[in-house]
Amino acid sequence: MTRRVHLIRHGDAAQRHTWNDPDSGRPLTGLGRAQALKLADLDLVIGSDVRSSTAVRCKGTVTPLADRHGVDVVGDARLSEGADPGEVVEWVTTANDEDLVLCGHGDMIPYVIRLLAGRGMTLDGPNACQKASVWTCVFEGEQPLHASYSPPPQVK
């Protein structure tokens, strides 16, 4: 059975060097909130929930999408900044027949894509992971087949 895993990088967030509180609380900027609203308009296949890093900027990026589909955003430490990309690869390859929407960080998503490519997944897109971009990965069972890159949505 074919399924999809959408890997979303969080939208534009407050600059790290100007943020004095814990990094996990760094919010989206106005641009990031606009990107989140545009991401909600994408025609993504949604499972029973949307998984996100526990960082505020990640949850904020996918909350409009989850709300539009009537599902919850569930925080998941496997998607946190500095987490092990290998754990994410194991998770997405063994997710049975479930479609997944996962929101994480720029230090993880490119590595997950590379590891999946090492398992035979072909790539349609640049080796990129811009803020508010989406990699849509197609699986047949546990086998990653193909991934397509969608750049950040255009906002005015």
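Is Glu81 buried, partly exposed or exposed? At a relative accessibility of 35%, Glu81 counts as partly exposed, where buried means under 20% relative accessible area, exposed means over 50% and partly exposed lies in between (1.4 Å probe, protein chains only). The close-ups below come from a predicted model, in which local features need pLDDT of at least 70, side-chain atom pairs count only at pLDDT 80 or more, and totals for chains, interfaces and linings use all residues. Residues are numbered from 1 along each chain as its sequence is written, and side-chain values use heavy atoms, with hydrogens and water left out.

**View 1. Arg57 and Glu81 meet in a salt bridge.** The N to O distance here is 3.3 Å; a salt bridge is a side-chain nitrogen of Lys or Arg within 4 Å of a carboxyl oxygen of Asp or Glu. Arg57 sits in helix H2 (residues 56-69) and Glu81 in the loop between strand S3 (72-75) and helix H3 (85-93), so the pair ties together parts 24 residues apart in sequence. Helices (H or I, at least four residues) and strands (E, at least two) are DSSP runs, numbered from the N terminus. Arg57 is buried, at 1% relative accessible area.

**View 2. Asp49, Arg51, Asp76 and Arg78 are linked in a network of salt bridges.** Follow Arg51 to Asp49 and you will find their closest N and O atoms 3.1 Å apart. For Asp76 and Arg78, the N to O distance is 2.9 Å. In total, the structure holds five salt bridges.

View 3. On a 1 Å grid over the protein atoms alone, a cavity is a set of points where a 1.4 Å probe fits but cannot get out, and lining residues have an atom within 4 Å of a point. Grid points are joined across faces, edges and corners, and the volume is the space filled by probe spheres set on the points. One cavity of 30 Å³ or more is counted.

**View 4. Strand S4 gives three residues, the largest share, to the lining of the largest cavity.** Look for lining residues including Leu7, Ile8, Leu102, Cys103, Gly104, Ile109 and Val112. Strand S1 (2-9), strand S4 (100-104) and helix H4 (109-117) are the elements that give two or more residues.

Definitions and conventions. On a 1 Å grid over the protein atoms alone, a cavity is a set of points where a 1.4 Å probe fits but cannot get out, and a pocket is an open set with protein on both sides within 12 Å along at least five of seven lines; lining residues have an atom within 4 Å of a point.
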